[in-house]
Amino acid sequence: MLKYKYKNWLTGAAICGALFSATAVNADDKVYRLKLAETWGANTPILGETSKKMAQLADSMSNGRLKISIDSSNKHKAPFGVFDMVRAGQYDIGHSASYYWKGKVPNTLYFTTMPFGMTTPEQYGWFYHGEGQALMNEVYGKFGMLSFPGGNTGVQMGGWFQKEINSLEDVKGLKIRIPGFAGEVWAKLGAKPVNIAPGDLYTALERKTVDAVEWVGPSLDIRMGFHKIAPYYYTGWHEPASELQFLVNKKKFAKLPADLQVILKTAMRSAAYDMYIQSYHESAVNWDTMKKEFPGIQVKSFPPEVIAAMRKANTELLAEAAAKDPLAKRIQDSQAAYMQKARAWTNISDKAYLNSLAD
Ligand code: CA
């Protein structure tokens, strides 16, 4: 009797095993191929490594069933056409930055970083556990796309300056390369923000065509060489948590089987977080190198009267945007409410810890 039962159990287990392996074999049959367009040029460090990591993760987690090919801007020739190409289905996925689309869809601005806004951990809290992800999909859903966090640079530095900024007077007429919302804030203070292609920035600063250049931070600035020609390195106020984005065509996403959807989302989230950590690491290592090679670099923070004027200009610009569009107001309110709670915690945790240490 015992022997009979054992035999039955074995048979049952064998049937179950056969069913499971049959399902697995069927699922393995189909390979899904997606095309990704990135804003970055071929072999761009850190930013360009992120989509490659994501694609490799998706491939290995899916046992080769999800293959993502990547075209950098050298290939597709449209670094700022990623939004349109993913929307049209010409590409299935994009890797870029949401604030590049603010001229097209103003509310995309809020999903990269905001001047005087959240730090990276605070903002990740808002995206993944607060309302951030849902609000982002509300904005992009109207264009047939999903958007996900795509990697963070951490706090960006305020830029490399040829001369010191000691007062609001020093800002008047200052020619500074700085894109986006921060450029609008500088303009309100009387500066002349310009946008120059990355390849021409060094020459522009060296020949004093511009007085200052904002780029990222030591992680990427070291390769640009600005520290060799501009002595003042200002701390940041404008991009406290610059998050890149993965854009996904909604119809293409819906066609993926449920397990590959989870794998794609997991690969994007993992690659995004890894970019944040890689940026932190490379900033630490590169800042050490820069200080050793160029001990004359002076780190400065903008004086309180300049910061106060920037905050005022920033608040006015946000209010103008909120008055024009109820969704802009909802996103701003959500960010402000989340930041208030998260910052109270940051203040008694990270900030208090660092303040408690002697320098
Ligand atoms: Ca920047």
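This report describes salt bridges in a predicted model.

## Overall count

Across the whole structure, a search finds 16 salt bridges, and the sections below take up some of them together with the solvent accessibility of the residues that take part.

## Lys67 and Asp59

Lys67 and Asp59 are joined through their side chains in a salt bridge, with an N to O distance of 3.0 Å. Lys67 has a relative accessibility of 30% and is therefore classed as partly exposed, and Asp59, with a relative accessible area of 25%, is likewise partly exposed.

## Glu138 and Arg330

A salt bridge also connects Glu138 with Arg330, where the closest N and O atoms lie 2.4 Å apart. This pair links distant parts of the chain, since Glu138 belongs to helix H6 (residues 132–141) while Arg330 belongs to helix H13 (residues 326–356), and the two are 192 residues apart.

Glu138 is partly exposed at a relative accessible area of 32%, and Arg330 also counts as partly exposed, its relative accessibility being 44%.

Asp288 is partly exposed, with a relative accessible area of 35%, whereas Lys292 is exposed, with a relative accessible area of 62%.

Notes. Residues numbered from 1 in each chain as written. Predicted model: local features only at pLDDT ≥ 70, side-chain atom pairs only at ≥ 80, totals over all residues. Heavy atoms only, no water. Salt bridge = Lys/Arg side-chain N within 4 Å of Asp/Glu carboxyl O. Buried < 20%, exposed > 50% of the residue type's maximum accessible area, 1.4 Å probe, protein only. Helix = DSSP H or I, 4+ residues; strand = E, 2+ residues; numbered from the N terminus.
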